[in-house]
Amino acid sequence: MQHPTPFTGTPGKVIALHLNYPSRIAQRGRTPEQPSYFLKPGTSVSASGTPIERPAGTELLAFEGEIALIIGRSIRRVTPEDAWAAVSGVTAANDFGVYDLRYADKGSNLKSKGGDGFTPLGPAVINAADIQADALRVRTWVNGELVQEDTTADLAFPFGRLVADLSQLMTLEPGDVILTGTPAGSSVVQPGDVVEVEVDAPTAPGAPSTGRLVTPVVAGTVAMAGYGAAPRIDDLQRAEAWGSAEAAGLPGSTGILTDELKAKINSVGTATLSSQLRKRGLNNVSIDGLRSTRPGMRMVGLARTLRFIPNREDLFISHGGGYNAQKRAFDSLRPDDVLVIEARGETGTGTVGDILALRAQVNGAAGLVTDGGVRDVAAVTALAMPTYFANAHPAVLGRKHVPWDTDLTIACGGAAVQPGDVIVGDADGVLVIPPGLIEEVVAEAIEQEHEETFIAEMVAAGEGVDGLYPMNASWKERYREWLK
């Protein structure tokens with residue numbers, strides 16, 4: 001066995017993988033069918049101990065501890081079985097990214113992940129011949145605290161497959177580096193933090209290790225110029241950078257819908273909730289013109305959003321096929337999510353069918369809401385999960401819609417809906433409740449329904465409604481006695 005050697009040199013190509021570890025795939029809520037990649041420039045490579053600068057004016061610098069493969073010989077069109085033999089070694093890597101610039105990349109990751117020092121590698125290289133590709137471990141520490149730990153035993157795309165796949169279209173040359181994805185635990189770091197990554201093979205003879213790749217974080221002092229994309233973030237980018245909406249501390253993030261709160265919401269009708277919202281000046285919070293596949297079932301969840309734009313043939317070619325926004329949205333649904341779809345009230349085509357609705361149910365989603373049509377409506381109606389929709393229609397998306405984007409503010413059935421809004425539906429319709437109001441609205445709705453139960457009892461006993469509905473001071477006193 002050879003001992004690890006220091007990492008040196010500048011790769012001709014640095015190729016990074018989007019998703020690979022099951023823990024990260026579960027966290028992101030997106031299951032890739034095939035590996036997908038992006039390029040990082042050689043100038044982004046830095047050595048252990050070199051500080052990384054968080055650009056001035058940015059907030060969301062995130063680390064991603066990874067295993068880097070180093071190509072040992074020139075290869076083209078190798079098979080997965082032969083690909084590992086072309087890897088000379090592995091080392092530790094950190095795939096840093098600034099989420100503030102992600103919007104400008106359109107998927108390329110060039111500005112968000114291509115900055116100088118954004119790809120630390122090293123400090124040592126483990127000889128690939130001494131280890132098994134599926135028996136490696138990667139760990140990451142921030143300020144001495146272990147935040148990422150995973151192994152290569154159950155990767156979605158084993159290393160041999162990645163090398164072989166890339167070699168189908170391009171020649172991989174000696175010194176090229178492939179970053180193989182990060183496990184769950186990636187998050188945001190601040191100036192003053194120190195990030196360390198180590199890769200080892202704990203079951204191999206001698207348990208070879210790369211040693212810790214150390215990267216201190218420092219604050220940039222030079223503002224970005226006005227002739228390029230300026231830093232810009234929203235709650236979606238905050239949630240993705242931190243790892244979750246809850247970790248980012250966002251209002252309406254995962255965790256707001258406790259079992260206790262859901263039980264309280266389910267104890268009152270949407271009509272009562274609507275009247276409480278109206279008292280607070282919120283009159284435009286109902287999604288109108290829809291019917292439910294399960295009118296007897298209550299729906300309570302947090303909004304996720306999907307937006308369709310009017311069909312244009314060239315845009316459907318570029319955005320309608322493959323793993324498009326619609327498929328990504330349904331794939332990423334989790335328990336307590338309600339997917340709300342903006343279809344512009346267009347009823348001349350379907351916006352969801354039985355397969356995607358089933359996917360939402362399997363993922364544990366609380367329901368679906370669309371102001372457009374539903375295909376395969378009999379099968380969708382047979383699901384246990386409620387779907388609110390305008391009408392049934394057999395046509396597919398391309399007739400009227402292009403799936404465009406997800407998790408942004410949309411319009412559905414005349415109401416504005418933001419990700420994280422509380423969505424409540426029953427036989428009376430669907431309401432959108434700002435998450436910051438849900439606790440007080442529900443508490444007062446429960447009190448209102450107590451009052452209305454008392455009033456109903458009095459009316460049933462023969463009392464007139466004058467002074468009783470609403471209650472005057474005398475009836476309020478009798479109500480307080482009734483409560484006791």
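A network of salt bridges links Arg24, Lys40, Glu64, Asp95 and Lys113; a salt bridge is a side-chain nitrogen of Lys or Arg within 4 Å of a carboxyl oxygen of Asp or Glu. The model is predicted: local features need pLDDT of at least 70, side-chain atom pairs count only at pLDDT 80 or more, and totals for chains, interfaces and linings use all residues. Residues are numbered from 1 along each chain as its sequence is written, and side-chain values use heavy atoms, with hydrogens and water left out.

Side chains of opposite charge can pair when their charged atoms come close. In the whole structure, 24 salt bridges are found. One of them joins Arg238 to Glu59, with 3.5 Å between the closest N and O atoms. This pair connects distant parts of the chain, 179 residues apart: Arg238 belongs to helix α5 (residues 235-242), and Glu59 to the loop between β5 (52-54) and β6 (61-62). Helices (H or I, at least four residues) and strands (E, at least two) are DSSP runs, numbered from the N terminus. Arg238 is partly exposed, at 23% relative accessible area, and Glu59 is partly exposed as well, at 33%. Here buried means under 20% relative accessible area, exposed over 50%, and partly exposed in between (1.4 Å probe, protein chains only).

Arg102 and Glu240 form another salt bridge, in which the closest N and O atoms are 2.8 Å apart. This pair also links distant parts of the chain, 138 residues apart, with Arg102 in the loop between β9 (97-98) and α3 (110-113) and Glu240 in helix α5. Arg102 is partly exposed, with a relative accessible area of 26%, whereas Glu240 counts as buried at 13%.

Arg359 and Asp331 meet through their side chains in a salt bridge of 2.6 Å, N to O. Arg359 lies in helix α10 and Asp331 in helix α9 (residues 325-331), 28 residues apart. Arg359 is partly exposed at 28% relative accessible area, while Asp331 is buried at 13%.

Gly122 and Pro123 are joined by a cis peptide bond, with omega about 0°, and Pro123 is placed in strand β10 (residues 119-127). Arg77, a residue other than glycine, has a positive phi near 55°. Arg77 lies in the loop between β7 (65-71) and α2 (80-83) and is exposed, with a relative accessible area of 58%. Arg344, likewise not a glycine, has a positive phi of about 65°. Its place is the loop between β20 (337-342) and α10 (354-362), and Arg344 is partly exposed at 34% relative accessibility.

On the surface, Val459, Val465 and Tyr469 form a nonpolar patch with about 290 Å² of accessible area together. Patches are made of residues with over 30% relative accessible area and no salt bridge, like charges being joined within 9 Å and nonpolar side chains (Val, Leu, Ile, Met, Phe, Trp, Tyr) within 5 Å. Accessible areas come from the Shrake-Rupley method with a 1.4 Å probe, and for residues only the protein chains shown count as cover. Val459 is found in helix α12 (residues 438-460) and is partly exposed, with a relative accessible area of 37%.
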